[in-house]
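Have a look at the sequence and the model, then read on.

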Amino acid sequence: MQTITQIGEPVILNRSCYLTIAYNMNTNHLLPLIQSGDKKAFEEAYTCYNTALFNYLYAKTKNETIVAEVVQLTFIKLWKYRAHLNNALSLSTQIFQFAKTSLIDELRKEERRLRLNQAWAGVVNFADNFEIIFEKAELTEVQLKIRNAIATLPPVRKKVFELSRFEEMSYKEISLQLDMSERTVGKHIQLAIKQLKKAIQLFVIFAINFLFI
């Protein structure tokens, strides 16, 4: 058995024990009072079920942050939907039903958050490895976006970039063909890559927001 400390003494995390206690509590007299908006009855229900509910959820998740949020949401829903509570079901059953649905929602949110963080890490990695990705990319939506972004470059910068990346010309060859210094060629390519990175980052961020938010 495990223990977790709430406000007060440590509570034993024994699933069968605390569920039996929770479900056998004689609290059904509170149901009609809560339905009528009796705040004292609601507070009594909170006192009766808060610890058992916390332990039940913690045994499932081992995540105190999520559990604390779910417990809060459970009692918010109990009060918010008090007029719709079912008299045919015990108060404890309905409280744990609220808890189960709230837990599912929170776990889904956590999954989306993790996926969003992973996706954002991919955006950073994409920007850091732009040239490698561009060279290896197939004709996908991302590469098409890159090509569209190249078309928006200033004419000279676009020409320099295309000669470098598509014609595989050296800085010296480009400088001779366009009558500019190798330093200027390098500067054009640097600025082109910076502009293209920004365009692709915005595209990927938009895609992430569309998929995960």
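Q: In which helix is the place of Arg147?
A: This is a predicted model, where local features need pLDDT of at least 70, side-chain atom pairs count only at pLDDT 80 or more, and totals for chains, interfaces and linings use all residues. Residues are numbered from 1 along each chain as its sequence is written, and side-chain values use heavy atoms, with hydrogens and water left out. Helices here are DSSP runs of H or I with at least four residues, numbered from the N terminus. On that numbering, the place of Arg147 is in residues 141-151, helix α7.

Q: Is Arg147 buried, partly exposed or exposed?
A: Buried means under 20% relative accessible area, exposed over 50%, and partly exposed in between, with a 1.4 Å probe and protein chains only. Arg147 has 37% relative accessibility, so it counts as partly exposed.

Q: How many Å apart in space are Arg147 and Leu196?
A: Along the sequence, 49 residues separate Arg147 and Leu196. In space, C-alpha to C-alpha, the distance between Arg147 and Leu196 is 9.2 Å.

Q: Where is the kink in α3 centred?
A: The bend at a residue is the angle between axes fitted to the seven residues ending there and the seven starting there. Helix α3 covers residues 39-61. Its kink is of about 45° and is centred on Tyr49.

Q: Why do the buried residues of α4 line one face of the helix?
A: In α4, the buried residues are Ile66, Val67, Val70, Val71, Thr74, Phe75, Lys77 and Leu78. Directions are taken from the helix axis to the C-beta atoms. Seen down the axis of α4, these residues line one face because they fall within an arc of 160°.

Q: Which exposed residues does the face of α4 turned away from its buried side carry?
A: Helix α4 spans residues 64-80. Its face turned away from the buried side carries two exposed residues, Thr65 and Lys80.

Q: Are the rings of Tyr46 and Phe75 stacked or edge-to-face?
A: Rings of Phe, Tyr and Trp (its six-membered ring) pair if their centres lie within 6.5 Å; planes under 30 degrees apart count as stacked, over 60 as edge-to-face and the rest as tilted. The centres of the Tyr46 and Phe75 rings are 4.8 Å apart and their planes are at 65°, so the pair is edge-to-face.

Q: How many residues apart are Tyr46 and Phe75?
A: This pair links distant parts of the chain, with Tyr46 in helix α3 and Phe75 in helix α4. Phe75 is buried at a relative accessible area of 4%, while Tyr46 counts as partly exposed at 36%.

Q: Which residue has its charged end over the ring of Trp79?
A: Trp79 forms one aromatic cluster with Phe42, Tyr46 and Phe75. A charge sits over a ring if NZ of Lys or CZ of Arg is within 6 Å of the ring centre and within 35 degrees of the ring normal. The charged end over Trp79, 4.1 Å from the ring centre, belongs to Arg82.

Conventions
The expected span of a helix is 1.5 Å times one less than its number of residues.
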